[in-house]
Amino acid sequence: MSGKQEIHLEQPGPSELRSPLVQHEFIRAGTWIALVVAVALVALLAQPIMLILGALVLATMMDGGARLLGRVLPIKRGWRLAIVLIAAVAFLVYTFYLTGASLTAQAQAMRQIIEAQVNRVGGWLQQLGVTATANDLKGFASQALSSLGRVTAAVGTMFGALTSAVMMLVLAIFIAIEPKLYERGVAWMLPMNKRARFYSVADKMGWTLRRLMFGRLIGMTVEGVGTWLLLWAGGVPMAGLLGILTGLFAFLPNIGAIISGALIIIVGFSAGTDVGLYAFFVYAVVQLIDGYLIVPMVAKRATDLAPALVLAMQILFGTLFGILGLFLADPILAMIKVYLEERSKSLERDAIPADMPLPQ
């Protein structure tokens, strides 16, 4: 019996690391494993990452203050940075220490006023035939506030919040003292042909972030001081506390204006219809000045972010990372926008032949 003998060819196995096929498969598997590990690390280290990003934002604000002070004081950068830090600490001490007792009493009174107003709105709705009760309104308000985002254990308690704030402030100070040192350290981990582009993008991000934060601080000051003075002149209760809250909430575009406006109107109507209408008028005037004068002149020219995009980013980051993500959504979105724009420009330059003139 004759036949053709089948030829058996040995294929490389997993132990044959010298085989190009096995090496290729190992690279593919390692890429997917590294991607899964990276996603898991981002999920587990979300809070520290947000603290680092918050420190970068604070460092940018400190650096911007030192640069601005350098236009009028020709002294070394370290002294200018020290003046900015001392001024910021002095303001915080004056706000929370010297006025702490009165603000605490006003905050307690505001809570009682808000609860009373919620009960009044619930009774009014029942008279109109709406089945929602005051307890339903309270539950809805609590659910709305909690839906802004989960606060993790790192910042879930007062001690955790204070510890996180101190860590973020200390890290921001170290970065602000020598920002180029850390910038060169990040660039050192990149290939040589990518470093010039990294420096360009980093400079543009820093410039945009400084402009954004400068506009935000101006808006916070105008809204806080303007609200306080106008409410105080109109006899609205707790004008000082409402001014401080309005200034702090002004850091959050869109959402902050809604929260501060609701507080102003609720407290205003607790003192009477005329006072409530005046409080609403004050809120409208302050928001118009900030929205149509300050933001277009300062912040919008630097970032030009669509309001709907900012609001969506705040909702997303608030849900994922809590109150810290809510505060940092706008700066992070601005940096992402700068990176995408610079990336698009670089790809466009690479696609144009060398002998063709660049478009003006």
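How are α2 and α8 oriented relative to each other? In this predicted model, the axes of helix α2 (residues 46-69) and helix α8 (residues 192-233) cross at roughly 85°. Angles of 65 to 115 degrees count as roughly perpendicular. The two helices, α2 and α8, are therefore roughly perpendicular to each other. Their axes come within 9 Å.

The contact between these helices involves residues from both sides. Helix α2 contributes Val57, Thr60, Met61, Asp63, Gly64, Arg67 and Leu68. Helix α8 meets them with Gly206, Leu209, Arg210, Met213, Phe214 and Leu217. By class, seven residues of this contact are nonpolar, three are polar and three are charged.

The side chain of Lys204 pairs with that of Glu342, with an N to O distance of 3.5 Å. Lys204 lies in helix α8, whereas Glu342 belongs to helix α13 (residues 307-351). The two residues are 138 residues apart, and the pair links distant parts of the chain. In total, the count of salt bridges comes to nine.

The patch covers about 640 Å². Ile33, Val37, Leu41, Val42, Leu44, Leu45 and Ile49 make up this patch. Helix α1 (residues 20-44) gives the most to the patch, with five residues. Leu45 sits in the loop between α1 and α2.

Note on methods. Residues are numbered from 1 along each chain as its sequence is written. This is a predicted model: local features need pLDDT of at least 70, side-chain atom pairs count only at pLDDT 80 or more; totals for chains, interfaces and linings use all residues. Side-chain values use heavy atoms; hydrogens and water are left out. Axes are lines fitted to C-alpha atoms, for helices over the stretch in contact, and angles run from 0 to 180 degrees between N-to-C directions. Helices (H or I, at least four residues) and strands (E, at least two) are DSSP runs, numbered from the N terminus. Angles under 35 degrees count as roughly parallel, over 145 as roughly antiparallel, 65 to 115 as roughly perpendicular and the rest as oblique. Contact means heavy atoms within 4.5 Å. Ala, Val, Leu, Ile, Met, Phe, Trp, Tyr, Cys and Pro count as nonpolar, Asp, Glu, Lys and Arg as charged, and the others, Gly among them, as polar. Patches are made of residues with over 30% relative accessible area and no salt bridge: like charges are joined within 9 Å, nonpolar side chains (Val, Leu, Ile, Met, Phe, Trp, Tyr) within 5 Å. Accessible areas come from the Shrake-Rupley method with a 1.4 Å probe; for residues, only the protein chains shown count as cover. A salt bridge is a side-chain nitrogen of Lys or Arg within 4 Å of a carboxyl oxygen of Asp or Glu.
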